[in-house]
Structures are given as C-alpha cells and as structure tokens.
Amino acid sequence: LDRVLVSLDSNLTSTTFDAGVHGVTIFDAGAPGKPGGRWLDATSDEGVTSVTLTPSGSLISTHKFYKVAVNTSDVLFAGTDANVFVTLIGVRNGVEVKSNQFKLGDSNSFQRGALDTFEIGPVSQEFDSFVAIELGHDGVGVGSGWRCDSVAVWDIAAPTEKHAFPVQGWLDKNQAPHKTNMVISIEGGDPKSASTIYRIETVTGDRDGAGTGARVSLSVFGADRDTGFLPLNTHGDDETRRHFQRGGTDSFTLAQAKNVGDITHVVLRHDESRVNGGDPSWFVQSVKIHNVSTNATTTFAPRCWIGKDREPHFSSEVVLTPEGEAEITLVTYRVTTRTSDLRYAGTEAVVSVRLIGAEVDGKRKKTSMKKLDNDSNNFERGASNVFLLEDIDIGELASIEIGHHGVGTPSDWHLSSVEVSNLDGSSRKRESSKNENAKLPQTSPTFFHHNEWIKSGAGPVSIRKEDGGSVKMLAKYEVQVRTSDTRFAGTDSTVTVKIVGELNGEATATDFAVLENSPNNFARGKEDVFFLELANVGEVTGCV
C-alpha cells in the first residue's frame, strides 16, 4: 500500500483502512510539508474535497503535489457527470515530459458555472517549466459533453505561482471540434523574449499511405528571423512511440527556440527515410503552432502530400502559409560561389547560405539557411561552384549570410565572391505544368565580394551586395609580377594588389587581393602569373 485517495461524500458515515496482519500504515492528512490535518470542504481556504495521502516518512512523499482549479462554463448543458482526467506536460532539460494521468473529482464536480479545486499527486516527474495540460473525459453518462472555461495549476508549496490554461471550448464528441480530449497550451509569457517554447500539433490525413516513418522537421519564420530546422521526433521518455500515423494527431514541445514573433510561414520537410521499405511520403492535414511567449496560435491547413514522388509539389520540403492567407511564391535561385586561388583556400566543411531581401515597410524577407551541397568536391581552391536553391521570393536581393559548420580538414575557407540570380517563373506551380520546355525568365545577377577567410567557429558572415547591383560586375584580371634578379630580391612575405581604374567616368578600385598560387612565389629573377576575379574597374589606370 503506497497511497490512499480520500474524498468527501455527504452520504459517507465512516471509513476503515485494514492494513492486514503486516501492521498499520499511517497516512499524514496534512498538506505536504504542513503536518496537522486539513479540511475537506469546498468553502475552506484550500477549497478541496479530495486529497491523495502518502505514508508518513515514505520517499514518495518527497514528490510534488499540485492544485488544479477547473472553471466550468456558465452556459446551458455545460456541466458533465463524466470522469474527468488531467495530465501535466512540461519541459525538463529541453525535452517534453508528462506526468501520470490523474482523475479529478467525482459525479458532483463540474456543474454549470462551478469552480472546482482538486489536489493531484504525487507527481514524480520534474519540470523546468510547464507548457501544457492534457484535459479530457471518458464520455460516460447521459449528456457527458462538457464546456470548460479555464484551468489553473500550481505547486502546493508555491501557491502564488499559478499557471493558467485557457480552454474556452467544448469537450464533446457532438460539438466542434468533436473531441473529448485536448491539449491546452499555457497562457503566454513575455512576447519580446529572445527565446520561447513552441507547442506544435500535426494531424496526418486519414487516407491510404498517409503516414510516414521519415524524420520530420520544421523551421518557423517571422518577419525578420527564423528558428532554423527543429526535429519533430523527440517525445521525452516515450521514444518508442511512432508519430505521423494515418489519421493520427501528434503534439510536440520545442523548448528554448528562437522567438520569431508573429509567424509569417513555416517550412516543413522530412528526410525521405524509409521504414521497412515503405513509401516515406506524408499527407499532412493540418499543423498548429502555439508560441507560448506571444500566446498566439497559428494554423496551417496544407492538406497535401510531402514527398519527392507526390503531386503537387514533388518535393520533400514545402512552404506553408497560415490558413486564409495568400500562398507564398516559390522561386529558384542560382547561387555561384568562387573560392579564392590561394594556398589552402578550399574547404571540406558544409557551406550554407541565406538570402535576404531589401527592406519594405520596415520588414525584410529572407530564405531559410540553405546547404550548398551537390558534390563531394565543392569549394576547391580557385573553383566556381553552381547551386540551384528553391525558397520563397524575397524580392530585391540586398545581402547574404554565408558560413560553414567548421567540420573537416581543412575547414577554414577563403571566399572570393558569390553571385546570385533569381530564376523567376520556376516556382513549384510550374513544376506540375505541362509546358516543361518553356524558357524561364531570369533577373540580372547580384554580386557579393568577400575576398577574406571564413574561419572555423566564427559563424556565418554577412555580405551586402555591390553598390549598383549588376552594374559593378566581376572581371577577370591577369597579373604578372617580375622579381628582380639581384641578391636578396625575393620574398616570402604575403603580397597583395589593388587594381585601380575608371568606370563610367568615375574612379574605381578593387579590394586588396592576395597574390599567392605557389609556395615559391616571388623568388629572385622569377616571373609569377596570377589570375584574379575581382570587381570590374573599367579601364585599368594603375595598381597599388
């Protein structure tokens, strides 16, 4: 015997606990940490009519107990005689954890307009913070439907720290949303906080093959930032549970994620991994995202397949806009990187880039961070590499963020420049078009000059476009250097050059570029030839 539930019943005249021949077990009726008994009275200070008692001195008594206050709506037929249950949901070390399910009250609880307070416990799970509760009933009884206004939860040892969960809805199979069980997110915190907790609910369609065993992730976007891709396959201590099954609803808690504020769109994807050889395609019915900091819930209703072999997108990554808002236009960008022709300039690290648009009405559109990975020999010394990336249309391109993850030998990378073109008309809507041979219009390329190292561990660098956009384009230069044939004329120092010229009547100049393509450059009496790709200065008038 490890616990006893005691409830107040007006018809109860006596209660006897028989511990058998093994002895007597004593249960202290006082509140945890406050021995001496308590009232079971709805009108008392505690307001409880049901408590769970644990043996005195038991280790289990060190676990926490919580008060749960439930407000039933004051509308016709709002009350219920069904058995009501609650589960606490929180975060521990960044992972979602759930308490056991606890039954609340009895047949006299949850009357129309009533405020009922219950004590639940012991709760063995530890929470860094609460994020939600799971509230429901078993549907037993005539007219079992129940309309709940709100629920509050607090630790008995910290009665001033109450956590509110607004419900404002029916738990009734005959009333929308036709559910007797639901997950309710906690009421909001600081909307301007840098990080937040996201509660995410996905609904998989109820059709043949709708489920997937692939690894699913999503990135949440706001007006000027995004969370990066966050996996939706972490479920605390329930790792064996399979998500995304046909007709199923799954919920996830993502803690310590970037707070993007008002959500503009999300990118949802999976890795096309197959379970037992099955089709990894996934039919997504809906997605709901609740930002705990802003207390805002955003609903997406894609009702479509995500999979490279499925219409309409033929892709394992889709962009979703909130329900009722216009679909975001997707375009293809051609990104050309040029690695400098210097010793050790190349990298084996994975390189990623984000494209950022010009400011419009105080806001900028930006793509997600995209990996540039289509060949194992990318980013070799002196090489140009071309990548096609599909993402949202950000309008006029203003800047880029580019960097690498620092893994590999070598990982440091000397980036010369990046060129970006928007291949308008190549949105995914066009992919399903019958006119596959139509010529795609193309914007003029935008150039970004760097000519510097991107060091391991330094994070991505931000590069603004060249002034004048495509007017100031790259040009290729041949630079010949003759070292004098006199004693000590050579050098092992780093040599740089700046090319000066005149373009459209204006004096122009490149940045300084390092002249290095051999460990034996600038030896006595030797001629070295270098090929550089730098800003176009027009007619060359000199060098520094």
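This tour visits several salt bridges, one selection at a time.

The structure is a predicted model, in which local features need pLDDT of at least 70 and side-chain atom pairs count only at pLDDT 80 or more, while totals for chains, interfaces and linings use all residues. Residues are numbered from 1 along each chain as its sequence is written, and side-chain values use heavy atoms, with hydrogens and water left out.

Select R310 and D279 to begin: their side chains meet in a salt bridge (a side-chain nitrogen of Lys or Arg within 4 Å of a carboxyl oxygen of Asp or Glu), here at 3.2 Å, N to O. R310 lies in the loop between β19 (304–306) and β20 (317–320) and D279 in the loop between β16 (265–270) and β17 (282–291), so the pair ties together parts 31 residues apart in sequence; strands are DSSP runs of E, at least two residues, numbered from the N terminus. R310 is partly exposed at 26% relative accessibility, a class lying between buried (under 20% relative accessible area) and exposed (over 50%), with a 1.4 Å probe and protein chains only.

Next, select R381 and D341, whose side chains form a salt bridge at 2.9 Å, N to O. Because R381 sits in the loop between β23 (370–372) and β24 (384–392) and D341 in the loop between β21 (330–339) and β22 (351–357), this pair ties together parts 40 residues apart in sequence.

Then move to K465 and E396, where a salt bridge spans 2.9 Å, N to O, and links distant parts of the chain, 69 residues apart. K465 is partly exposed at 25%, whereas E396 counts as exposed at 52%.

Finally, select R269, E317, K370 and D391, which salt bridges with shared partners join into one network.

Technical notes:
Helix = DSSP H or I, 4+ residues; strand = E, 2+ residues; numbered from the N terminus.
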